[in-house]
Amino acid sequence: MEEPATRPEVGIVGFGHVGQLMRRIFPDALVYDKFRPEVSAARDEVAACRFAFVCVPTDMGPDGTADLSDVEEVAGWLRAQALVLRSTVPPGTSRRLAGQTGHRVVFWPEYCGEWNYVTPWEHSPEGWPSVILGGEADVTREVVELLAPRLGPLKTYRQVSSEAAELCKYMENAWLAAQVIFSWQFRLLADAAGADFWEVRELWGLDPRVSKAHTAALLAAPGFGGKCLPKDLSAITAYGAEAGVDVSFLQAIGQFNRTLRAGTGPPNPGVPGDPGDAGAPGAAVRT
Ligand SMILES: NC(=O)c1ccc[n+]([C@@H]2O[C@H](COP(=O)([O-])OP(=O)(O)OC[C@H]3O[C@@H](n4cnc5c(N)ncnc54)[C@H](O)[C@@H]3O)[C@@H](O)[C@H]2O)c1
């Protein structure tokens, strides 16, 4: 299809948590959300935008892998000169999508999660100190030129391979999940030793080499839950197993979490961090 001479600059596809963060950076963007007609422009108008930020779900499929059907669907109708994936996708997805669709694809991992215990800068891409853009250099450069006027000169803009960008996002969420489980392991050991977990944790935290983030093993919210950690841990574990990598460490994190969370009962809206609460502090839902 012939594109109009003046194309809208930025489209955002998927207007949930991440899409709404993107709109703060680009208040002038056209939005399309398949399930939110009240906020959506005409799909064809959004398809014609020069840059498309894809913020659709990549939930856990029945086999534990990331379900990429929404990403694939929107890649099928977008006509942007660059597709910027904000959706978390397994290593190799951006390159495969580019090969299959002819799109120029960049993966920009999103770090601004939804947990409660953050300083304001952690809550926004505007405040986050770095931008990681994975893809071919010609297109990541175009995206830097688009973002830098909005996000400013103080950020670090890294342009890397799409696989490095995709994997680092999973490494971050697997790390947060590991911290939660590690902390819970020591909560159980503290109980066995007759020591107070909170005191042990404070003492451990005096060592400048460790970080207390995601180590508050809250009885009110055993293990980790939320929208991202379980599905991302599962997706990268499945990816590694398929690639023939020994992922027994990741599997153990997932198994320990399931054991911790078994028997926690139905979600209790009165307890922040109870299963299903995306704002869980101890559940470490920041992604
Ligand atoms: N929420 C977070 O904190 C966070 C952080 C980092 C990365 N991510 C990743 O970003 C992606 C989006 O997460 P989110 O939290 O914004 O999800 P969300 O569920 O809040 O929003 C997704 C939106 O996409 C819409 N949508 C679904 N299918 C669509 C389709 N085919 N076409 C158009 N719109 C569609 C939904 O209606 C919904 O409004 C996921 O891959 C997630 O892993 C999320």
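Guide: A nonpolar core is a set of buried nonpolar residues joined through C-beta atoms within 7 Å. In this predicted model, the largest such core has 64 residues, and Ala-52, Val-54, Leu-83 and Val-84 touch the most other members.

Visitor: Which helix gives the most to this core?

Guide: Helix H6, residues 162–193, gives the most, with eight residues.

Visitor: Why does the core lie between domain 1 and domain 2?

Guide: Both domain 1 (10–160) and domain 2 (170–261) contribute residues to the core, so it lies between them.

Visitor: What does Ala-52 touch, not counting residues up to four places away in sequence?

Guide: With those residues left out, Ala-52 touches Gly-11, Val-13, Leu-78, Ala-80, Leu-83 and Val-84. Gly-11 and Val-13 belong to one side of strand S1 (residues 10–13), while Val-10 and Ile-12 are on the other.

Visitor: With which strands does S1 pair?

Guide: Strand S3 (residues 51–54) runs parallel to S1 and is joined to S1 by four bridges. Strand S2 (residues 30–32) also pairs with S1 in the parallel sense, over three bridges. Ile-12 shows both pairings: its bridge partner in S3 is Phe-53, and in S2 it stands opposite Val-31.

Visitor: How does one read a positive phi?

Guide: Most residues other than glycine have a negative phi. In this model, His-214 has a positive phi, near 60 degrees. His-214 lies in the loop between helix H7 (197–205) and helix H8 (229–242).

Visitor: Is His-214 buried or exposed?

Guide: A residue counts as buried if 20 or more other C-beta atoms lie within 10 Å of its own. His-214 has 25 within that distance, so it is buried.

Visitor: How many helices and strands does the chain have, and what share of its residues count as buried?

Guide: The chain has nine helices and seven strands. Of its 287 residues, 39% count as buried.

Technical notes. Residues are numbered from 1 along each chain as its sequence is written. This is a predicted model: local features need pLDDT of at least 70, side-chain atom pairs count only at pLDDT 80 or more; totals for chains, interfaces and linings use all residues. Helices (H or I, at least four residues) and strands (E, at least two) are DSSP runs, numbered from the N terminus. A residue is buried if 20 or more other C-beta atoms lie within 10 Å of its own, exposed if 12 or fewer, and partly exposed in between; C-beta atoms are placed from the backbone. Domain bounds come from an automatic or database domain assignment. Two residues are in contact if their C-beta atoms, placed from the backbone, lie within 7 Å. Two strands pair if DSSP finds at least two bridges between them.
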